[in-house]
Amino acid sequence: MATRNRTITLSTTNAAAGDVLELTRTDTNAYTVAVVNGGVGGGTLYTMPVSSAANVRACFDGNNWLLRSVSTW
């Protein structure tokens with residue numbers, strides 16, 4: 001169980017253009033999970049809200065991870 005806000009940085013190491021990552025958070029605790037692009041552009045792609053399960057899909061374009069879809073429940 002998470003006890004604080006978390007950050008997940010998507011690495012570009014060994015990533016190839018067209019790669020897709022899907023992250024699923026099934027817990028509903030009172031903390032956020034930030035999904036961050038580890039590419040040259042940097043920045044937060046999405047922050048999963050508190051008390052909500054979420055699914056985030058990102059695609060690598062050769063330089064950066066780009067947000068493709070989000071669903072929460």
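Is V40 exposed or buried? I looked this up in a predicted model, where local features need pLDDT of at least 70 and side-chain atom pairs count only at pLDDT 80 or more, while totals for chains, interfaces and linings use all residues. Residues are numbered from 1 along each chain as its sequence is written, and side-chain values use heavy atoms, with hydrogens and water left out.

Entry on V40. I noted that V40 counts as exposed because its relative accessibility is 75% (exposed is over 50% relative accessible area, buried under 20%, partly exposed in between, with a 1.4 Å probe and protein chains only). I placed V40 in the loop between β3 (33-37) and β4 (44-48), strands being DSSP runs of E with at least two residues, numbered from the N terminus. Setting aside neighbours within four places in sequence, I found V40 in contact with N63 and N64 (heavy atoms within 4.5 Å). I also recorded 15 Å between the C-alpha atoms of V40 and C59, which lie 19 residues apart along the chain.

Entry on salt bridges. I found two in the structure, taking a salt bridge as a side-chain nitrogen of Lys or Arg within 4 Å of a carboxyl oxygen of Asp or Glu. One joins the side chains of R57 and E22 at 2.7 Å, N to O; this pair links distant parts of the chain, R57 in strand β5 (residues 54-60) and E22 in strand β2 (residues 20-25), 35 residues apart. R57 is partly exposed at 36%, and E22 is partly exposed at 42%.

I then turned to D27 and R25, whose side chains meet in a salt bridge at 3.0 Å, N to O. Here D27 is partly exposed at 35% relative accessibility, whereas R25 is buried at 5%.

Conventions. Helix = DSSP H or I, 4+ residues; strand = E, 2+ residues; numbered from the N terminus.
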